[in-house]
Amino acid sequence: MSTVGERVLQETSAGTILSENVLHPEPSPKSSKPRTRREPERESNGLECREAAEPVCPGKRSEAEVSVLFAGPVSRDGCCRLVCEIVKHVLYQRQQMPLPYEQLPFFTRRANEAVMLDDRPASLSDRKKYQRALSDLDEVFQNLEAVFGLTVVPRVHILLGGSVVRPKELYEVNMERVALGHREKSLETLSCIRKLFHTLFVEDVLNELRSLPLMNMLLLVEGHRDSGIQWFRPKLNYRVPERCKKLVISLSCSPGSCSPTGEQTNHSDSSDYIWFQAPIIIKGFYA
C-alpha cells in the first residue's frame, strides 16, 4: 500500500509541477533580450532618397548664354533690327502673343471685318487686343530706333513679369563686343538676322523653359546719360535682377573685323551710361 501511495503521491506532485510550469513558464535565455522590430530593407538603385536630396534655394538664379558671332562689323540700324527681332521672338515663344508679330496686321484686318459683319463682344475684344499689341510694339520699335541713332547701346534688357524689381524672366541682349560700322561697310542686316535665328534655333534654349501665364513685358536700354533720349525714361535706381531666370544673347564680331567708325559698344566709363525704360508696357494676351 505504501508503495502504491508513494507512487500516487509522486504522480500527483509531478502533475502539479507540470501544471505550474505550463501556467507560469520560466523565461528562457533567448527571450530575455527585448525584441526589436526589423525594418524592411530599401532597394539600392543608385539614387538617393528624395527626402535626403539637397533642397533647391528659391532665390537661386538660373542663367544661360547664347553667343552669336558675326563675320564683320554691324551698323547701328542693324543692331536695332536685331533687338526688335529678339523682342518679337521672345513674346511669341514665351506664349505672350497667340501668333508672330508679322501676322498681327493680317489678323487685325480680319478682326475689323468680323466686327463689321457681326457686332459681337468677342469680335470687339479680339480687335482691341490685336490693335493694341500692334500699335504698342510699333511705337516701341520706332522710339528704339531713335535711341540707337543718338547713342551707343551696350545692353538691352527684356523683362517678363510684374515689375523691374522681381521679374520672372530676364533676356539680355549684350552688344558690348560688337564692332560698329557705317551702313555701306557693314554686314547686311538680313544676313545678321538669319545668323541670329539660326543660332537660337540650334541652341533651342527658349523651348526648354516652362510655359508662362500672361505677363507684362518691360523694355530697358543702356545708353549715355547726355545723349538726349526723351521718350525712354531714365531709370537711375535700376539694378539687374538676380532672383529670376536669365538668358544672355551675346552678340559679337570676329576678332579680325575692326570698327570703321572707331565706335565700340563696349563703354569704357560705365558711370556715363545709365538705364532707360520704355514708358509702354506690352501686355500678353490670348486670341
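**Stop 1: Glu 172**

Select Glu 172 and show its contacts. Leaving out residues up to four places away in sequence, Glu 172 touches Arg 155, Val 156, His 157, Lys 246, Leu 247, Val 248 and Ile 249. The residue belongs to strand E3, which covers residues 169-177. Is Glu 172 buried or exposed? Its relative accessible area is 5%, so Glu 172 is buried.

**Stop 2: Confidence**

Now color the chain by pLDDT. This is a predicted model. The protein chain averages a pLDDT of 79, and 69% of the residues score at least 70. Which element has the lowest mean pLDDT, and which the highest? Helix H1, residues 2-23, is lowest at 47. Strand E2, residues 155-160, is highest at 97.

Select residues 12-23 next. Here the pLDDT is below 50, and the stretch has one contact in the model beyond near neighbours in sequence. Then move to residues 39-60. The pLDDT stays under 50 there too, and the model has three contacts for them beyond four places in sequence.

**Stop 3: Salt bridges**

How many salt bridges does the count come to? The count is eight. Visit three of them in turn.

Start with Asp 77 and Arg 183. Their side chains meet in a salt bridge, 2.0 Å from N to O. Asp 77 lies in helix H2 (residues 76-93) and Arg 183 in the loop between E3 and helix H5 (189-203), so the pair ties together parts 106 residues apart in sequence. Asp 77 is partly exposed, at 30% relative accessible area. Arg 183 is exposed, with 59% relative accessibility.

Stay in helix H2 and select Glu 85 and Lys 88. They form a salt bridge whose closest N and O atoms are 3.3 Å apart. Both residues sit in H2, three residues apart, about one turn of the helix. Glu 85 is buried at 11% relative accessibility. Lys 88 is buried as well, at 14%.

Next, select Arg 94 and Glu 169. This salt bridge has its closest N and O atoms 2.7 Å apart. The pair links distant parts of the chain: Arg 94 is in the loop between H2 and helix H3 (104-117), and Glu 169 is in strand E3, 75 residues away. Arg 94 is buried, with a relative accessible area of 1%. Glu 169 is buried too, at 3%.

**Stop 4: Strand E7**

Select residues 273-277. This is strand E7, where five of five residues are buried. Which residues lie on each side of E7? Tyr 273, Trp 275 and Gln 277 are on one side, with Ile 274 and Phe 276 on the other; both faces are covered. In a regular strand, side chains alternate between the two faces of the sheet.

Bring in the partner strands. Strand E4, residues 216-224, runs antiparallel to E7 and is joined to E7 by five bridges. Look for Leu 220: its bridge partner in E7 is Gln 277. Strand E5, residues 233-234, also pairs with E7 in the antiparallel sense, over two bridges. In this pairing, find Pro 234, which stands opposite Phe 276 in E7.

**Stop 5: Cysteines**

Select Cys 80 and Cys 84. How many disulfides does the count come to? The count is zero. Cys 80 is in no disulfide, and the nearest cysteine sulfur, that of Cys 84, is 4.2 Å away. Cys 80 is buried, with 5% relative accessibility. Jump to Cys 244, which is buried with a relative accessible area of 5%.

**Stop 6: Nonpolar cores**

Finish inside. In soluble globular proteins, nonpolar side chains tend to be buried together. The largest nonpolar core here has 63 residues. Which residues have the most contacts inside this core? They are Leu 104, Leu 144, Met 175, Leu 196, Leu 219, Phe 232 and Leu 251.

Zoom in on Leu 104. Leaving aside neighbours within four places in sequence, Leu 104 contacts Met 97, Leu 99, Tyr 130, Ala 133, Leu 134, Leu 137 and Phe 285. Then select a second, separate core of eight residues, including Val 164, Leu 170, Leu 220 and Tyr 238.

Methods
Residues are numbered from 1 along each chain as its sequence is written. This is a predicted model: local features need pLDDT of at least 70, side-chain atom pairs count only at pLDDT 80 or more; totals for chains, interfaces and linings use all residues. Side-chain values use heavy atoms; hydrogens and water are left out. pLDDT is the predictor's confidence in each residue, from 0 to 100. Helices (H or I, at least four residues) and strands (E, at least two) are DSSP runs, numbered from the N terminus. Contact means heavy atoms within 4.5 Å. Buried means under 20% relative accessible area, exposed over 50%, partly exposed in between (1.4 Å probe, protein chains only). A salt bridge is a side-chain nitrogen of Lys or Arg within 4 Å of a carboxyl oxygen of Asp or Glu. Two strands pair if DSSP finds at least two bridges between them. A disulfide is a pair of cysteine sulfur atoms within 2.5 Å. A nonpolar core is a set of buried Ala, Val, Leu, Ile, Met, Phe, Trp, Tyr and Cys residues joined through side-chain atoms within 4.5 Å.
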